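Look over the whole chain before going into detail. The paragraphs below start with the overall layout and then turn to single residues.

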Amino acid sequence: MARPAPRWRLRPLAALALVLALTPVATARAGQTPRPAERGPPVRLFTEEELARYGGEEEDQPIYLAVKGVVFDVSSGKEFYGRGAPYNALTGKDSTRGVAKMSLDPADLTHDTTGLTAKELEALDDVFTRVYKAKYPIVGYTARRILNEDGSPNLDFKPEDQPHFDIKDEF
């Protein structure tokens with residue numbers, strides 16, 4: 001009869017399972033062109049108040065979070081982002097700073113990237129691309145990304161450069 005594995009061997013396996021769950025699956029074989037992402041619902045503009053409604057507290061609502069002003073539907077990762085889940089604090093808001101710092105501290109759950117180190121900004125870009133853009137559908141943008149504080153258009157926002165964005169269909 002085989003003996004159960006010691007507990008200390010199970011922890012690395014659990015860590016590996018978490019890494020695999022958060023790592024995107026390659027969809028194209030070597031030498032093949034990846035298929036374009038399927039089109040989802042039209043892209044929306046979210047105010048902070050609207051985004052807060054999708055924090056995973058209600059069972060029948062989707063779960064949204066924003067990183068770098070891009071709003072993702074993370075409902076398929078409910079075990080990570082749903083009510084009582086480990087990363088629920090990130091949902092219902094733009095948590096760019098928290099993602100960059102790998103922090104769930106309420107002070108870091110903001111869009112503000114002021115003072116982040118080069119290493120934190122690099123980590124932010126990596127997680128944004130390899131986790132969020134690769135695994136979760138984009139459902140919109142935060143108003144802060146498109147509009148300035150005074151409500152005027154943000155001239156640095158270029159819709160044609162945004163992921164899953166088709167200018168003729170969205171605006």
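From the N terminus on, the elements follow the order α-β-α-β-β-α-α-α-β-α-α, which makes 7 helices and 4 strands. Helices (H or I, at least four residues) and strands (E, at least two) are DSSP runs, numbered from the N terminus. This is a predicted model, in which local features need pLDDT of at least 70 and side-chain atom pairs count only at pLDDT 80 or more, while totals for chains, interfaces and linings use all residues. Residues are numbered from 1 along each chain as its sequence is written, and side-chain values use heavy atoms, with hydrogens and water left out.

How far can the model be trusted? The pLDDT, the predictor's confidence in each residue from 0 to 100, averages 76 over the protein, and 67% of the residues score at least 70. Over residues 4–30 the pLDDT is below 50, and this stretch has 14 contacts in the model beyond near neighbours in sequence; a contact means heavy atoms within 4.5 Å. Residues 164–171 also have a pLDDT below 50, with 17 contacts beyond near neighbours in sequence. Where pLDDT is low, the predicted coordinates should not be read in detail.

Of the 171 residues, 35% count as buried, meaning under 20% relative accessible area with a 1.4 Å probe, protein chains only (exposed is over 50%, partly exposed in between).

Now find helix H5, residues 118–135. Its 18 residues should span 26 Å at 1.5 Å a residue, and the end C-alpha atoms are 25 Å apart, which agrees; the expected span is 1.5 Å times one less than the number of residues. H5 bends by about 35 degrees at phenylalanine 128, the bend being the angle between axes fitted to the seven residues ending there and the seven starting there. Glu120, Leu124, Val127, Phe128, Val131 and Tyr132 are buried in H5. An α-helix has 3.6 residues a turn, so residues three or four places apart point the same way.

Which residues does tyrosine 132 touch? Leaving aside neighbours within four places in sequence, its contacts include Leu65, Phe72, Tyr81 and Leu90. Tyrosine 132 is buried, with a relative accessible area of 4%. Its side chain makes a polar contact of 3.0 Å with that of tyrosine 81. A polar contact is a pair of N or O atoms within 3.5 Å; within protein, one must be able to donate a hydrogen and the other to accept it, and residues adjacent in sequence count only if both atoms are side-chain atoms.
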